[in-house]
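Work through the following exercises with the sequence and the model at hand. Each task is followed by a solution that goes step by step.

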Amino acid sequence: MSCKKSYITTPIYYVNDVAHIGHAYTTIIADTLARYSRLIGEDTFFLTGTDEHGQKIEEAAKKRGEDTQAYADKISKTFKDLWDDFDISYDKFIRTTDEAHKLGVQKAFTKMHEKGDIYKDTYSGHYCISCETFFPETQLVDDEFCPDCGKSTSIVEEESYFFKLSAYEDKLLAWYENNPDCILPKSKRNEVIRFVEGGLNDLSITRTSFDWGVKLPNDFNDPKHVMYVWLDALMNYLTALGYGTDEANMDKYPARVHLIGKDILRFHAIYWPAFLMSLDMPLPKHIGAHGWWTRNGEKMSKSKGNVVNPKEVADAYGLENFRYFMLREVPFGGDGDFSQRALIDRINSDLGNDLGNLLNRLIGMSGKYFEGRVECDLVSKYYQAELDEMQTSLDKLEPMFFELQLHRFLEELWRPLTVANRAIDKYQPWTMIKEGKTEETMALNGLIATILAKVSLMLHAVMPQTTATVCEALGFEITPESFKNIIRNGAILEAFVTQKREPLFPRIEEELLVDARLEALKKEQEEAEAKKKAQKEGKEKAQAEGVALIGIDQFFATSLKVGTVVKAEEVPKSKKLLLLQVDLGEDEPRQVVAGIKEWYSAEEMLNTQVCVVANLKPAKLMGMISQGMLLAAKDENGLCMVRPEQPKTNGTPIG
């Protein structure tokens, strides 16, 4: 099952914001895989890092009034600091602003071009800055909005270099067919196959509309072009090993596992293998796409104030408890929900009752009956059935591990702990010792120690500090050699003497994180529910009376005013929007972005009076602030503006 070399990667995280629980989840999985690979004796290279190029980064820096490189430095450092705080065992932290990375990307571009897989042309299409991606019009929402993030797209027409992605359609499908576990979970592989079978268009891989990226090689004499961020970013998996510079570590490729979130599956499962084929490089063994995390059943967002800060959780509940919870709580590939209550239950039940209490029972019984001494040489004589049951579970574990079924891995790993706790209750050592069955009692302690040792060795990659503490109590250290002896070769633990120690997992009775933002959110939700209930009751009453009624206070809460359109122009690249300046009798005209272009031209709107909802919160459409909404009526015959019958002074209230 194992291989001599193991290359494991996280995605490189985009530096437009700080790390959140999703980043932590990916990184903890990768760290667990890397630690286990090292434990079984593999030459392991674990890569993580940050993705720092692209228009989105450039704009984020400008928005904050910062130099782009300085901004990228700052955010990249927050990721690296967090992984260091989390004791993530990466071998390299790569940044796409590293000079060696840029050289490797340029080498790859040159090689693809020499092979005939890159050509120059002009591109026109709907571009989402947030996703750094072009979308065909058929995929847009309401002909304008990004199907992935929901933000407005803009039509971009520019000169571009293209990668012949269409030339690799059949080769990709053959790879998926011949390697059924190349994409995990396998349901995601089916999604990718369906997408590729629908036909692949050639991929625009350079931009001229911004400057923050890797330039083309000097030989191309085309300085206005920068690499498309996804070509640049994906190449990190090779440049981190020295591709294009010092290639001493290139023998570690191909990757055993590329770990990613499901939102970037297409880039890794279609674009990346095609790039590798073009470069004549071997393809990865697994691309693992995990799901997203919600909080208490709700999608996380800054506006809701419910984003989980992984550092706060780890500090409050313990890093290794947090690691266990993340890997155990949700099947890989599915979406997971974070709640403090669920985390507390895992700590108290799985970790406290099953694992921690078993060690306490061993220390207590050995201290009471044998002055702390534990011997394991007679375990098989008295408890072979329990050993067999334990081994049945252990034999299932490694395949689950490398198929990324970590929740099942941990579930199965806990069965031997159940065997041990059940054996104590079944054989009752306190009774056996009274009956003079000293040998059987010592062997029972040996059984418990054996199970704790084997479980701790298999759990070590998930909870390295905790398991090191357990095995220290059992008289040995966790090393590749001890793993080989005890797990692979079934060696018996040497006799040892236990020492009293503090419980590994003190019981937690109440939630430890007090989030003022969530408390405020909860209050707002309660108020909103009460208001919604009152409105529903009022609506039901009105329907019973045959009319729809609202209170006068609800009506007057809306500010309606008459205004004059003093400036009107079309919004470039938009089929629906006009940009209007409306005089409402205020110091300056209001800017209103109105979706009426299909029925009114800018010329028709100029110098006409309109009715405006004047107290709406400002909204952004295609990057422009809209400070109001026009009143209009629309039916099957089209749309018409609601206007005053006679000219009125600008700012005249309606009502």
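Predicted model: local features only at pLDDT ≥ 70, side-chain atom pairs only at ≥ 80, totals over all residues.

**Exercise 1. Describe the surroundings of aspartate 121 and of threonine 68.**

Begin with aspartate 121, which is found in strand 5 (residues 118-128) and counts as partly exposed because its relative accessibility is 40%. Leaving aside neighbours within four places in sequence, aspartate 121 is in contact (heavy atoms within 4.5 Å) with Glu158, Glu159, Ser160 and Phe162. From threonine 44 it is 77 residues apart in sequence and 42 Å apart in space, C-alpha to C-alpha.

Threonine 68, in turn, is found in helix 3 and is buried, since its relative accessible area is 14%. With neighbours within four places in sequence again set aside, threonine 68 is in contact with Ile57, Glu58, Ala61 and Trp212.

**Exercise 2. Find how helix 12 and helix 17 are arranged, and which residues meet.**

First take the geometry: the axes of helix 12 (residues 340-370) and helix 17 (residues 438-459) come within 10 Å and cross at roughly 150°. Axes here are lines fitted to C-alpha atoms, for helices over the stretch in contact, and angles run from 0 to 180 degrees between N-to-C directions. Helix 12 and helix 17 are therefore roughly antiparallel to each other, a term for angles over 145 degrees, while those under 35 count as roughly parallel, 65 to 115 as roughly perpendicular and the rest as oblique.

Next, the crossing of helix 12 and helix 17 is left-handed, which is said if the near helix is turned anticlockwise from the far one by less than a right angle, and right-handed if clockwise.

Finally, the residues of helix 12 that take part include Leu355, Leu358 and Tyr369, and those of helix 17 include Thr438, Met442 and Leu459. By class, this contact has twelve nonpolar, four polar and no charged residues, where Ala, Val, Leu, Ile, Met, Phe, Trp, Tyr, Cys and Pro count as nonpolar, Asp, Glu, Lys and Arg as charged, and the others, Gly among them, as polar.

**Exercise 3. Classify the ring pair of tyrosine 13 and phenylalanine 79 and that of phenylalanine 401 and phenylalanine 409.**

Rings of Phe, Tyr and Trp (its six-membered ring) pair if their centres lie within 6.5 Å, and planes under 30 degrees apart count as stacked, over 60 as edge-to-face and the rest as tilted. By this rule the count comes to 30 aromatic pairs.

The pair of tyrosine 13 and phenylalanine 79 is stacked, at 5.6 Å centre to centre and 10° between the planes. Tyrosine 13 lies in strand 2 (residues 13-14) and phenylalanine 79 in helix 3 (residues 68-85), so the pair ties together parts that are 66 residues apart in sequence. Tyrosine 13 counts as buried at 4% relative accessibility, as does phenylalanine 79 at 0%.

Phenylalanine 401 and phenylalanine 409 form an edge-to-face pair, with 5.1 Å centre to centre and 70° between the planes. Phenylalanine 401 is buried, with a relative accessible area of 0%, and phenylalanine 409 counts as buried at 1%.

**Exercise 4. Where does the cis peptide bond of proline 185 lie?**

The cis bond joins leucine 184 and proline 185, with omega about -5°, and proline 185 lies in the loop between strand 8 (183-184) and helix 6 (186-197).

Terms used:
Residues numbered from 1 in each chain as written. Heavy atoms only, no water. Helix = DSSP H or I, 4+ residues; strand = E, 2+ residues; numbered from the N terminus. Buried < 20%, exposed > 50% of the residue type's maximum accessible area, 1.4 Å probe, protein only.
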